[in-house]
Amino acid sequence: PQRRRYALMVVLIGFMGAGKSTVGRIVADLLGAPFVDSDVLIERREGRSIREMFDLHGEPYFRQIERAVVAELLEDRTAVVALGGGAALDPEIGRMLSSHTVVYLQVPYEQAMERINGDAFRPLLQTSGVRKVYERRLPVYDALATMRIDTDGRRADDVAVEILRAL
Ligand code: S3P
């Protein structure tokens, strides 16, 4: 059967803990359209967790798979896509995003850390200097964004409705 291709595509970017997956799922539900989280698809494809991929093969390996999976999702025109927090930093992915509606979910550093609360499955959190990474990434997210949404202290469904209204 032919897969349905969507004219409208929303790609969510932002730091870990911004709510990309939670908000993305709600946006897709409200649109009655498919949603894919790139991290989940990567884990399904590889048959292992991102944590294991980092441990076994290193971050560059993960980034390579990530690039291929994101390219596929965009080509397939999956309606709503949540990207892993580091995906947008890849210059090639950055170029691919230029023709899409890119929603940047902004989150203050402290709140992001609270939301993910030392999640052992996020390898980046096991390293020092996470705040530096956060600060370095913000301008990149901002430059790629076509829509910026402040999630500070807000509920995911409230954020999702704001995105829908702005589409
Ligand atoms: C990463 C974020 C994670 C995941 C991986 C690397 C990053 O996704 O892709 O652990 O570099 O910021 P989330 O943003 O969904 O946590």
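Two residues are taken to be in contact if their C-beta atoms, placed from the backbone, lie within 7 Å. The structure is a predicted model, in which local features need pLDDT of at least 70 and side-chain atom pairs count only at pLDDT 80 or more, while totals for chains, interfaces and linings use all residues. Residues are numbered from 1 along each chain as its sequence is written.

Helices (H or I, at least four residues) and strands (E, at least two) are DSSP runs, numbered from the N terminus. Five strands form an open sheet in the order β2-β3-β1-β4-β5, with parallel pairing; two strands pair if DSSP finds at least two bridges between them. Strands β2 (35-37) and β5 (147-150) are at the edges with a single partner strand each, so one side of each lacks a neighbour in the sheet. Strands β1 (residues 10-13) and β3 (residues 80-82) pair in the parallel sense over three bridges, and V11 stands opposite V81 in β3.

In helix α2 (residues 38-46), the buried residues are S38, D39 and I42, where buried means that 20 or more other C-beta atoms, placed from the backbone, lie within 10 Å of the residue's own. Viewed down the axis of α2, these residues fall within an arc of 100 degrees, so they line one face of the helix; the arc is that of the directions from the helix axis to the C-beta atoms. The elements covering the buried residues of α2 include β2, α3 (50-57), α4 (59-75) and β3. Just after α2, G47 takes a positive phi of about 65 degrees.

Note on methods: Buried ≥ 20, exposed ≤ 12 C-beta atoms within 10 Å, placed from the backbone.
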